[in-house]
Amino acid sequence: MREKILYALGALAALLLARNIWVMLTALPDEAFQGAIFRIIFFHVPAAFTCFLCFFVALIASISYLKSGRMHWDSLAVSTTEVGLAFGAANLISGMIWARIIWGIWWTWDWRLTSMLVCWLLYAGYLVLRRAVEEPAQRARLSAVLSILSFTVVPFVFFSIKWFRTQHPQPVLYGEGKMDAAYRVMLYANWLPLLMLAAVLVAVRISQENRRRELDALRRQAHSI
C-alpha cells in the first residue's frame, strides 16, 4: 500500500511538472529584459525553497534524536539532508546557467552565491562525517549536532538576497522585489510537484536507511558470536 502511494505521488508529480513546462513554453510570455531564459526561475527558486525545507526538517529530526535517542529520527535527518542537497545542487547549477547567459559568467563570489555554496558544503560535510564514524549511536549523535549547527547558516542564505545589494537580483516574492502575477502563480505551481518529488525521495531513502540499519545490526550480531 505504501509503495502504491509513493508511485502515485511520483506519477502525479511528473504529470504536474509536464503540465507546468507546457504552460511555461506555450502560455507565458518571455520576460521583458531577460527573454526566454527567465523561465529558469520557475525551477531555480522552488529548488532553493525545497532545499531549505528539507534542511529545516533535518533540524527538527536532529533535535528530536538528541532528546529521544530514537534512531528513526536519525533516519529522517539523513534522508532529508540528502534530498535537500540534491535540490540545493539543482539551485546552484540552474543559477550558474542563468548567470552565464545574463551576466556572461558562470560564477561570482558575491554574498548570495557564496553563502549558498557554503551552506551546501556544510551539509555535504554532514554526509562525510556519517561515513567516518562507525558506531551507530555516536554517528547519529555527532551528525545531529552538525545538522543543528549547519542550519544556523540557512537563515543567512535566505535573507542574503535582501541584505546585500550585489549582482544577484533582489528578492521577487517579498521585500522591494516585484513579479508579474502570472509568473508568481507559475512559480508556486511548480513548487508543488518539486515538494511531492522530495517527499517521495525522502520516503524511499528512509526505507533504504532502515534496511541498512537492520543489516548493520545483523552483521554486528554475527561478528559478536
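Predicted model: local features only at pLDDT ≥ 70, side-chain atom pairs only at ≥ 80, totals over all residues.
**The chain as a whole**

- The chain has 225 residues, and 41% of them count as buried.
- Along its principal axes, the C-alpha trace spans about 70 × 40 × 30 Å.
- Among contacts with a separation of 6 or more, 73% are between residues 24 or more positions apart.

- Helix α1 covers residues 2-26 and packs with α7 at an angle of about 155 degrees, the two axes being 9 Å apart.
- An angle over 145 degrees counts as roughly antiparallel, and α1 and α7 are therefore roughly antiparallel to each other.
- The crossing of α1 past α7 is left-handed.
- By class, the contact of α1 with α7 has 19 nonpolar, 4 polar and 2 charged residues.
- V23 sits in helix α1.
- Its relative accessible area is 18%, so V23 is buried, the cut-off for buried being under 20%.

- Helix α3 has 32 residues, and the 46 Å from its first C-alpha to its last is close to the 46 Å expected at 1.5 Å a residue.
- Just after α3 comes G104, with a positive phi of about 85 degrees.
- The axes of α3 (residues 71-102) and α7 (residues 181-224) come within 8 Å and cross at roughly 135 degrees.
- That angle makes α3 oblique to α7.
- The crossing of α3 and α7 is right-handed.
- On the α3 side, the residues that meet α7 include M71, L76, V78, V83 and F87.
- On the α7 side, the residues that meet α3 include L194, L197, L201, R205 and R213.
- The residues of this contact of α3 with α7 divide into 11 nonpolar, 4 polar and 5 charged.

- Helix α4 runs over residues 111-132; at 1.5 Å a residue its 22 residues should span 32 Å, and the 31 Å between its end C-alpha atoms agrees with that.
- Which residues of α4 are buried? They are R112, L113, S115, M116, C119, Y123, Y126 and R130.
- The cover over these buried residues includes α2 (41-68), α3, α5 (136-151), α6 (153-163) and α7.
- R131 is also found in helix α4.
- With a relative accessible area of 79%, R131 is exposed.
- From R131 to M196 there are 65 residues in sequence and 28 Å in space, C-alpha to C-alpha.

**How α4 packs with α5**

- The axes of α4 and α5 come within 10 Å and cross at roughly 175 degrees.
- This crossing angle makes α4 roughly antiparallel to α5.
- From α4, the contact is made by L122, Y123, G125, Y126, L129 and R130.
- From α5, the contact is made by R139, L142, S143, L146, S147, S150 and F151.
- By class, the contact of α4 with α5 has 7 nonpolar, 4 polar and 2 charged residues.
- Y123, Y126 and R130 take part in the contact with α5 and are also among the buried residues of α4.

**Q170, in a loop**

- Where is Q170 placed? It lies in the loop between α6 and α7.
- Q170 counts as partly exposed because its relative accessibility is 23%.
- Not counting residues up to four places away in sequence, Q170 touches R112, I161, K162, F164 and R165.
- One of these, R112, is among the buried residues of α4.
- Q170 and R100 are 70 residues apart in sequence and 18 Å apart in space, C-alpha to C-alpha.

Conventions: Residues numbered from 1 in each chain as written. Heavy atoms only, no water. Axes fitted to C-alpha atoms, helices over the stretch in contact; angles between N-to-C directions. Helix = DSSP H or I, 4+ residues; strand = E, 2+ residues; numbered from the N terminus. Parallel < 35°, antiparallel > 145°, perpendicular 65-115°, else oblique. Left-handed = near helix turned anticlockwise from the far one by under 90°. Contact = heavy atoms within 4.5 Å. Nonpolar A, V, L, I, M, F, W, Y, C, P; charged D, E, K, R; others polar. Expected span 1.5 Å × (residues − 1). Buried < 20%, exposed > 50% of the residue type's maximum accessible area, 1.4 Å probe, protein only.
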